[in-house]
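Dear colleague,

My notes on what was found in it follow directly after.

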Amino acid sequence: MTTYLIKNASILGAEPTDLLVADGVVEQIGSDLSVEALSSVETIDAQGLIALPGLVDLHTHLREPGREDAETVESGTRAAALGGFTAVHAMANTEPVADTAGVVEQVWRLGREAGYCDVYPVGAVTVGLAGERLAELGAMADSAARVRVFSDDGKCVSDAVLMRRALEYVKAFDGVVAQHAQEPRLTEGAQMNEGELSGRLGLAGWPAVAEEAIIARDCLLAAHVGSRLHVCHVSTAGSVEIVRWAKAKGWDVTAEACPHHLLLTDELAATYDPIYKVNPPLRSATDVEALRAGLADGTIDIVATDHAPHPHEDKDCEWAAAAFGMLGLETALSIVQETMVDPGLLDWAGVAERMSHAPARIGRVADHGRPIEVGAPANVVLYDPAARRTVEAAETASLSRNTPYAGMELPGRVVATFLRGRATVLDGKLA
Amino acid sequence: MKRHLLSAADLSRDDAELVLRTAEELRSLADRPIKKLPALRGRTVVNLFFEDSTRTRISFEAAAKRLSADVINFAAKGSSLSKGESLKDTALTLEAMGADAVVVRHSASGAPHRLANSGWVRSSVVNAGDGTHEHPTQALLDAFTMWRHLGSLDGRRVAIVGDVLHSRVARSNALLLRTLGAEVTLVSPPTLLPVGIEGWPVETSYDLDAVLPKADVVMMLRVQRERMHGGFFPTAREYSRRYGLDGRRMATLQDHTIVMHPGPMVRGMEITADVADSDRSVIVEQVTNGVAVRMAVLYLLLGGSEPAVSTEGLSE
């Protein structure tokens, strides 16, 4: 295994220092490291680069098995590595659904074979995501994939009794239910954020209350049964308020925000270009401000990508016929820099907390999200915040091209990613 | 004018008045024995209808044919929504056949925008009704009808009554009538007004009886009985009692006030037969005017700035 001497990296934005990465761990940190004894050392000049712990995504759609035309575990984890991630949680809405030990073990194994980052399968809460009866959550927890996060993402566990039982049941193995909060009756046929613009465009509205009502209910349920709740892709100002209230009560509720909800607004729907169609939908500028503030003050614990690849034809059509979702892995860190770091809402330590430490804690992933310190697994990303780049859809490592940021200039560039001391990305390219 | 007509908002006041003046010239054709002009000879107009609408399709067809254009009717049962040929592939096919204008009706809001702005076709796109979004030529023919009866629309009060939430006619009319200086009041039960209506350049009211005496125009919208099952109102009878136009309510109108309906009417639901068939009703005239307005739109999009009707042809 190659030993890397990373020169002058700025850990979480601190004074530059050197890191010696060997045998899968951070072996030394400091200046004037003694490396004479080592025969093959590759030196990386990290002058001007920020070193962050490898990013952890709690919300990724890898599409395999079932939709290998949109993404595979291999292509999706390549995209993840290029985005600075060393671990991703693969959502359960595959075909077949990841609702058995067999499917989650398959996804887990595919991740290990690909080797670009660690893949932690998310188990479905209900059989077939049908919202009728619990899947074998215990079998998935006990499998080789050691599932701890359970979600019907894409669908809401809307039945209150079923949600209660799921929250209770996962306590036996310290699991968490990650809820896609969407009251189904209030969102039948919904196409975009409900507001003045949806009325003008004649697109069926997805009202904020449909998200907020479920989050409020679930917070109360989680408190009642003393379990852990994680709220996926919070998108409205009201949701941030409810989560803030639940946390103030001391309840074990965590929440995520997606990069696109931190940057883009529903005005983009006026183009009728479904590249901007996503679920939950892009919201108003007021909501975007509230999400940023919530992420800054810790009400929202983490940034998760909701990376959702779709084949070209599912976006190259009329809005109502198009699929919901957008790519996110390769642009997440840049968007967090643009929306949070550059405006002074979050420092790099805050970014490490929101994109690495906290998601690893919520997902109960032991070897990721650890501080960069001597002896820790060498999951490290080197990031150049001074770089600028224009996003090109054709250049994504993802098999799909549905990035809403095409043509947009974003700050920052992932220069290198290390997974347990092995470089998955070097000089901005897959190693 | 812009190259496409996708929304009533695409029309400036000058554009809209040009359409109305051109329609007025072209309407005189309807009274002549030979109702045909050579203006669009050799041009191809495709009627691309993904949703059933016999009235609008034959209106566009008559308009194009009276301008001597070749007309291709393409009725696609279902759309890509029902996993048939995609909108894109249909568009590419029409493009390959050399369409100069595509008149599109689609159940998905924004489908004509996609057609016009995705690089799939080079031809002019005319929105003939998209989902619950817009129907700009309907608004133009409505404005034309009002203009013929009332003259300038500046300061005229237009009440649009019914299912505004699902109505593309209401959306296009609200925009166009505002452009032309009219004051629009949307009258509807609260469940059938869109969220955010406060931002529209219109007044709203839940009380039809309060609005009628001041109106110069009353436009009734069709209310589909299916909406009852969506819980938008309790029963058809209750809807009719509160928002239907009957003889009693008609008696409260000013003498000059006209009654309009984009059709198809549900007699007995939003409008009673005695109102629909009364002297105030211009509903049949709207159909005649529809052909003239659509001729004007096709002519202005495809034919350019020459007068539509040569002065030699018009001896009066």
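The contact between the two chains comes first. In this predicted model, 16 residues of chain A are in contact with 23 residues of chain B. On the side of chain A that touches chain B, helix α5 (residues 196–201) of chain A gives the most, with three residues. By type, the residues of that side of chain A are seven nonpolar, four polar and five charged.

Chain A

The domain assignment divides chain A into domain 1 (3–50 + 375–430) and domain 2 (54–362). Taken over C-alpha atoms, the centres of domain 1 of chain A and domain 2 of chain A are separated by 26 Å. The contact between them involves 28 residues of domain 1 of chain A and 39 residues of domain 2 of chain A. Three strands of chain A, namely β16 (380–390), β17 (409–419) and β18 (422–426), each supply at least two residues of the side of domain 1 that touches domain 2. The largest share of that side, six residues, belongs to β17(A). Its composition is 17 nonpolar, ten polar and one charged.

Helix α4 (residues 160–169) of chain A and helix α6 (residues 208–225) of chain A have axes that come within 10 Å and cross at roughly 45°. Because of this angle, α4(A) is oblique to α6(A). The crossing of α4(A) and α6(A) is right-handed. From α4(A), the contact is made by Ala160(A), Met163(A), Arg164(A), Leu167(A) and Glu168(A). From α6(A), the residues making the contact are Arg217(A), Asp218(A), Leu221(A), Ala222(A) and Val225(A). Six residues of the contact of α4(A) with α6(A) are nonpolar and four are charged, with no polar residue.

Chain B

Chain B is likewise assigned two parts, domain 1 (8–133 + 290–302) and domain 2 (136–286). Between the C-alpha centres of domain 1 of chain B and domain 2 of chain B there are 25 Å. Their contact takes 20 residues from domain 1 of chain B and 18 residues from domain 2 of chain B. On the side of domain 1 of chain B that touches domain 2 of chain B, at least two residues each come from α1 (13–27), β4 (124–130) and α12 (283–302) of chain B. The residues of that side of domain 1 of chain B comprise eleven nonpolar, five polar and four charged.

Chain B also holds an open sheet of four strands, in the order β2-β1-β3-β4, with parallel pairing. Which strands stand at the edges? They are β2 (70–75) and β4 of chain B; each has a single partner strand, so one side of each is left without a neighbour in the sheet. From one strand to the next, the twist averages 15°. Strand β1 (residues 44–49) of chain B runs parallel to β2(B), and six bridges join the two. Within this pair, Val45(B) stands opposite Val71(B) in β2(B). Helix α12(B) packs on the sheet and touches β1, β3 (101–106) and β4 of chain B. The direction of α12(B) makes about 150° with that of β4(B).

With kind regards

Notes
Residues are numbered from 1 along each chain as its sequence is written. Chains are lettered from A and ligands numbered from 1 in the order in which they are written. This is a predicted model: local features need pLDDT of at least 70, side-chain atom pairs count only at pLDDT 80 or more; totals for chains, interfaces and linings use all residues. Two residues are in contact if their C-beta atoms, placed from the backbone, lie within 7 Å. Ala, Val, Leu, Ile, Met, Phe, Trp, Tyr, Cys and Pro count as nonpolar, Asp, Glu, Lys and Arg as charged, and the others, Gly among them, as polar. Domain bounds come from an automatic or database domain assignment. Axes are lines fitted to C-alpha atoms, for helices over the stretch in contact, and angles run from 0 to 180 degrees between N-to-C directions. Angles under 35 degrees count as roughly parallel, over 145 as roughly antiparallel, 65 to 115 as roughly perpendicular and the rest as oblique. A crossing is left-handed if the near helix is turned anticlockwise from the far one by less than a right angle, and right-handed if clockwise. Two strands pair if DSSP finds at least two bridges between them.
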